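The sequence and the structure come before the discussion.

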Amino acid sequence: MKAFYAYPSSEREVVTAIRSAHAALGESRRGLELRLWEQNEICGLPLTDPIFEHIRAADFVVADISVLNFNVTFEIGYAIGHGKRVYLTRNSNIKRDATTIDKIGIFDTLGFEAYADADGLIRLLNGYEGSGAIPVRRLLNLKAPVYLLRTPQSNQAMLSIVGRIKKSRLGFKGYIPDDEPRLSAPKAIDDVASALGAVVPLLPLSFADAEIHNIRAAFVSGLALGMDKPTAILQPRTGPAPLDVRDIVKSFDRPEDIADIIGEFALEVTAKLQADDPLPLPKGTFLADLHLGDAVAENEFQTLGSYYLRTDQYQRASRGEVNLVVGRKGAGKTALFSQVRNQKRSNTSNVVVDLKPEGYQLIRLKEDVLDYLAEGAKAHLITALFEYVFYLEICYKLLEKDTDRHLRDAALYEPYCKLQSVYHSGEGAEGDFSERLVGVAQNLVDAFKASYGSQDTGQRLNAAQVTELVYKHNIREVREALSAYLKFKDSVWLLFDNLDKGWSSHGLTDGDILILRGLIDAARKVQHQMQRDDHNFYSIVFVRNDVYQLLVEASADYGKESRATLDWTDADLLREVVRRRLVSNSLPETTSFEKVWLEICVSHFRGEETSQFMIDRSLMRPRNLIKLIAHCRGFAVSMGRQKIEEPDIEKGLKAYSLDLITEADQELTDILGKDTNLIYHFIGEGREFNRSRLSLIFAGAGIEENRAEDVIRFMIYYGFLGVAAQGGVRYIFDVAYDMKLMQVLLTKAGAEALFVLSPAFDAGLNL
């Protein structure tokens, strides 16, 4: 039988008794091969290697705890973790620091035997058989795979460690001194055993309760290493550098060092997590064959339905509970538009009128007509125009849908012919919606010029004149014929998207807002008229939220409009968007995001969990996140890799960042009315800016001083800049895209306001 004896070499009374007992046991118990700590051959080897080797080879381990000793406690933990029975002894002649031992909590929960001299120790060792090792459970806690030993009091290093673990998106649990004053050995054994890895910080001896904490740290470190778990033992560069673990402890000077240490640790834990529960992949090269879908909804209408995430906003829209869907560019408005449209179309008794004017802004109408009308007449004209257009479009859709059916259905024939007659008696025309809208608007312009001329003569039209100008035939007749025909239908859905295509954020004119207001009023008016006739009629307008905000500012009553805000603030929802796309590649639908993500991408990059790293650079927009992943995947596939590695993320991030810079610069050009290349003037300028530095950068790009605030507002709205506030950085998506709230933060900061560049732009600006 083999045994290993760990003991503090600094205590002469203990060392003498152990050496004497060792010599006597060689005669009295020849079947026991007891190896002492000093007998390790360590020349040229890491000190831990022979210790680990002899503990692993031993049938049991004896450890002397007469004095508190980091090395001995570490070896006790290692032996227990490795499944060895540990026999604790204590020399009763040594004064016991009962208060400290009681605070630590480990040894009295393990139990120990006392001796007074070598003879007493010989009797103990002769009578011990080395059986009954502490059982170590093997059930893993995959929701909290990291065990963290917290320090008795918080400090900057502890804050950095916790922050980096959170950044790695690894769940963690562990010992919290505030909640549990004493560390129970059995509980620590169970908790470490259920984890996949452990993080153990050491305290400098000058810190309060450092001795207590470091003994606990020694025990936990030993347990984790004995169980063969990834273990990050961290200490400041100045120490305490314990002897037994000096070869495996990681030292740090700066928070960046902690980030690197936790980053390496996270990679190990994730690899272990993946190895313990592998995902069966389809045959072939999964990454190369992977179909992520398109970042632009218009390009994936045919496939989007198979992986579309039906959010609460979608559910509300599909139930007809909202009249407006508002969201930023890339937030998924068009995707929601297409899915509501497809879902309603699946019922052939429904009528779905989906209108996408493809960027037409009614410019001629604004320039040739609106400028010459009184404000009230302008609003009335636009509302009347869209009411007229909507009725005609619904008629057109019905006539197109039932072209053949009315010939086979006697009940439909007469109402269909009536509707057809009414439609063609006015401005009903063929072609797509954009062409028909252009035609109606142009006819209106021509009629206005013919009646009132092209010069501003002070002409102010009344409601009757506007009605006469817009309608080419009796609108009531159209409405009645349409209502009569809709009795044969279940419901009507009027969906309007793309009205704001080409509009720049915060660069809209009063005419643009007037057109949007008229469109919404007209849709609401048509809906109310049809619902009064007992028809299930719903209208939804899809618009950017910055445009909607301007509408609210111009017309306070629009804040009461029922709407669904399609802006993203929850990172887990964005992960679900990606997960659905990934598992649509012949994987089980219930596959978790974490499992499939680790099949296509390394778990951590620069110490951060990779999906969170990418989400933090997506400006919280699904389109951007899909673009970034696609860029990284493209580089990985080109290099023949099985998954996205760190170099691929580096290159993909730069390509994606350049895309963002180009898009932001284009939008800024729309606002300013000239090309300044302002975004590119931030190259090499760092990440933080006060107003003075921004003014210098703006001046270098030729931005007029009176436009500076407009440019700052755009950069905040776009997500290019955040505002330092309340001990952190707030970007527009952190405040639910509320520009008023961001403005309040700036106002409170005053001249001391600090602006921070979004990390999404770092790579492209070579920072």
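A residue is called buried when its relative accessible area is under 20%, exposed when that area is over 50%, and partly exposed in between. In this predicted model, E264 has a relative accessible area of 47% and is therefore partly exposed. E264 belongs to helix 10, which covers residues 255-276, and together with E256, D260 and E268 it takes part in a patch of negative charge on the surface.

Because F60 is located in strand 3 (residues 60-64) and Y128 in the loop between helix 6 (118-127) and strand 6 (146-149), the pair ties together parts that are 68 residues apart in sequence. The rings of F337 and F542 also form a pair that is edge-to-face; this pair links distant parts of the chain, with F337 in helix 13 (residues 333-345) and F542 in strand 14 (residues 536-544), 205 residues apart.

| Pair | Centre to centre | Angle between planes |
|---|---|---|
| F337 and F542 | 5.4 Å | 80 degrees |

Are the residues of these pairs buried or exposed? F60 is buried at 2% relative accessibility, and Y128 is buried with a relative accessible area of 10%. F337 is likewise buried, at 0%, and F542 counts as buried at 1%.

Elsewhere, ring pairs connect F682, F689, F714, Y718, F720 and F761 into a cluster.

Definitions and conventions: Residues numbered from 1 in each chain as written. Predicted model: local features only at pLDDT ≥ 70, side-chain atom pairs only at ≥ 80, totals over all residues. Heavy atoms only, no water. Patch = residues over 30% accessible without salt bridge, like charges linked within 9 Å, V, L, I, M, F, W, Y side chains within 5 Å. Areas by Shrake-Rupley, 256 points an atom, 1.4 Å probe, with all protein chains shown as cover. Salt bridge = Lys/Arg side-chain N within 4 Å of Asp/Glu carboxyl O. Lys, Arg positive; Asp, Glu negative; His and termini not counted. Charge placed at Lys NZ, Arg CZ, Asp CG, Glu CD. Helix = DSSP H or I, 4+ residues; strand = E, 2+ residues; numbered from the N terminus. Buried < 20%, exposed > 50% of the residue type's maximum accessible area, 1.4 Å probe, protein only. Phe/Tyr/Trp six-rings, centres within 6.5 Å; stacked < 30°, edge-to-face > 60°.
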